[in-house]
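Visitor: Could you take me on a close look at just one part of this structure? I'd like the atom-level picture and the cut-offs behind it.

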Amino acid sequence: MLEEIIQDLGENYSDDDEEILQGIIDRVTDVAQTLSNNQTDELNPYIKTCVKAEYLSRGGEGLGSLSESGKSSNFTDNIE
């Protein structure tokens, strides 16, 4: 799963972040499996989507929205 996510992130991924990304994968997988009581690979597409969103929104933890230089972004809790 790690390599697929790295490939999907493309230029948005930094080679120094492998440990960080693996930590996000582990945490999101644990939460998804616990909440759904599902230990199968059926959750993988949802886990991958959530992991990519979490990785790309690092640094914006706790923000509901952000407006900068005319660009506005709204954030959601990816795990919900």
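Guide: Start with the side chain of N38, which makes a polar contact with the side chain of T40 at 2.6 Å. A polar contact here is a pair of N or O atoms within 3.5 Å; within protein, one must be able to donate a hydrogen and the other to accept it, and residues adjacent in sequence count only if both atoms are side-chain atoms. Bear in mind that this is a predicted model: local features need pLDDT of at least 70, side-chain atom pairs count only at pLDDT 80 or more, and totals for chains, interfaces and linings use all residues. Residues are numbered from 1 along each chain as its sequence is written, and side-chain values use heavy atoms, with hydrogens and water left out.

So where does N38 sit? N38 is in the loop between helix 2 (18-36) and helix 3 (44-56); helices are DSSP runs of H or I, at least four residues, numbered from the N terminus. At 17% relative accessible area, N38 is buried (under 20%; exposed is over 50%, partly exposed in between, with a 1.4 Å probe and protein chains only). Setting aside neighbours within four places in sequence, N38 is in contact (heavy atoms within 4.5 Å) with Q33 and L43.

Now hop over to N37, also found in the loop between helix 2 and helix 3. N37 is exposed, with a relative accessible area of 68%. Its backbone is worth a look too: phi of N37 is near 55°, a positive value in a residue other than glycine.

Technical notes: Helix = DSSP H or I, 4+ residues; strand = E, 2+ residues; numbered from the N terminus.
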